[in-house]
Amino acid sequence: MSHATLSPRRSSLRGATLPKWFAWAVAAGSLVLGYAISTAAGLNSDIQWALIAAVLFVVGSYAISAKIEGGRQAKDRTATSLVWVAFLLALIPLASLLWETAERGVKVFDGYFLTHSMGVVADAEPGGGIYHAILGTLEQVGLATLVSVPIGVLTAIYLVEYGRGKLAKAVTFFVDVMTGIPSIVAGLFILSLWVLILKMGPSGFAGSLALSILMIPVVVRSTEEMLKLVPNELREASLALGVPKWRTILKVVLPTSIGGIITGVMLAIARITGETAPVLLLVWGTDFINANPFQDPQESLPMYIYLQWANSGGSGAAFDRAWAAALTLIAFIMILNLVARGIARWKAPR
């Protein structure tokens, strides 16, 4: 028997495949064809042109792929195309917001604006800055973080490591309820307790207490999920060596999940930084620098933006300051998110 008869016949299990640049070519063709259709139909809206191009991209990808690659691969490409279209549709409002804020905010965004307050400048006059608002925001968010992080992390440790029975279920239920509490409700609660009952008056610390109510459930949820990701084998190995459970949590569990915990804390900080309702009720606001968060009204960036917009009448120097303050707030939150990502990557388990 010859060697040829013993060798199995090789069959092609892979059909025709479109090149890697196929999606880009279809996208470019859809943009050109969509623009031509919108121009011929007299459509002046860029949104209508983008939607026509998106539909042409999905339909074109499916039709060409079905003709060459077959129905199964065509469905896969259609699903991928829909994901990309949805991503771009979600990205358009964000990019538009960032562009509009940057374009309007750079008019007065400079070193003078960041290092001066509104103490001797009227709302209708040019000049002034947001130094007092930045200082107030940093102090209020910092105090809220000092209150929320220990409570949130310890609560998460209890739920994951010790929580059993009705008490753990009750804590989980109330954490879920707190996650959906509107910011105005948290502000009203602290207003009733701190200002009306205890007669403490408005201050930055009062606003921090309301912000901490909004921050605690976010810290609990994110920390709880990170602790659950720690393999049980690590806990069992530590306990097998005779190490107490509290020391296992402190030396094994927390260091393993510290990157995710810090990321969750940073995201919680970013979530409360732009809150306005608690600040409006409890901190009030002032045009002067107040470095003491425990006494007298204090300014914050969200409050500053609102007051400048309310006093601008839609134009003028106050309107420009409001846009510049909004740009500062976006940059602050963006920096927090970048720091969180950097710490998570740095502390990620190898």
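This is a predicted model: local features need pLDDT of at least 70, side-chain atom pairs count only at pLDDT 80 or more; totals for chains, interfaces and linings use all residues.
Colleague: Which residues line the largest cavity?

Modeller: Thr-137, Gln-140, Val-141, Leu-211 and Ile-272 are among them. Thr-273, Glu-275, Val-279, Ser-300 and Pro-302 also belong to the lining.

Colleague: Which helix supplies the largest share of that lining?

Modeller: Helix H6 does, with three residues. H6 and helix H11 (245-273) each supply at least two.

Colleague: Now the largest pocket. What is its volume?

Modeller: A pocket is open, whereas a probe in a cavity cannot get out. Here the largest pocket has a volume of about 810 Å³. Helix H2 (22-40), helix H3 (46-68) and helix H4 (71-105) are the elements that give two or more residues to its lining.

Colleague: How many residues line the largest pocket, and which lie nearest its centre?

Modeller: The lining has 27 residues. Nearest the centre are Ala-27, Phe-57, Trp-84, Val-85 and Leu-88. H4 gives the most to this lining, with eleven residues. Sorted by class, the lining of the largest pocket holds 19 nonpolar, four polar and four charged residues.

Colleague: What is Arg-77 in contact with, leaving aside its neighbours within four places in sequence?

Modeller: Leu-18, Phe-22, Ser-65 and Glu-69.

Colleague: Back to H6. At what angle do the axes of H6 and helix H9 cross?

Modeller: Angles run from 0 to 180 degrees between N-to-C directions. The axes of H6 and H9 (residues 204-228) cross at roughly 35° and come within 6 Å. Their crossing is right-handed. By class, the contact of H6 with H9 has 17 nonpolar, nine polar and three charged residues.

Colleague: And how do the axes of H6 and helix H13 cross?

Modeller: At roughly 145°, coming within 8 Å. H6 covers residues 131-162 and H13 covers residues 301-310. From H6, the contact uses His-132, Ala-133, Ile-134 and Thr-137; from H13, it uses Leu-301, Pro-302 and Tyr-304. Five of the residues in this contact are nonpolar, two are polar and none is charged. Thr-137 and Pro-302 also line the largest cavity.

Colleague: Last, the backbone. What is the phi of Lys-199?

Modeller: It is positive, about 55°, although Lys-199 is not a glycine. Look for Lys-199 in the loop between helix H8 (183-197) and H9.

Colleague: Is Lys-199 buried or exposed?

Modeller: The cut-off for exposed is over 50%. Lys-199 has 65% relative accessibility, so it counts as exposed.

Colleague: Where is Trp-284 found?

Modeller: In the loop between helix H12 (277-282) and H13. Trp-284 has a positive phi near 70°, and it is a residue other than glycine. Its relative accessibility is 47%, so Trp-284 counts as partly exposed.

Note on methods: Residues are numbered from 1 along each chain as its sequence is written. Side-chain values use heavy atoms; hydrogens and water are left out. Helices (H or I, at least four residues) and strands (E, at least two) are DSSP runs, numbered from the N terminus. Contact means heavy atoms within 4.5 Å. Ala, Val, Leu, Ile, Met, Phe, Trp, Tyr, Cys and Pro count as nonpolar, Asp, Glu, Lys and Arg as charged, and the others, Gly among them, as polar. On a 1 Å grid over the protein atoms alone, a cavity is a set of points where a 1.4 Å probe fits but cannot get out, and a pocket is an open set with protein on both sides within 12 Å along at least five of seven lines; lining residues have an atom within 4 Å of a point. Grid points are joined across faces, edges and corners, and a volume is the space filled by probe spheres set on the points. A crossing is left-handed if the near helix is turned anticlockwise from the far one by less than a right angle, and right-handed if clockwise. Buried means under 20% relative accessible area, exposed over 50%, partly exposed in between (1.4 Å probe, protein chains only).
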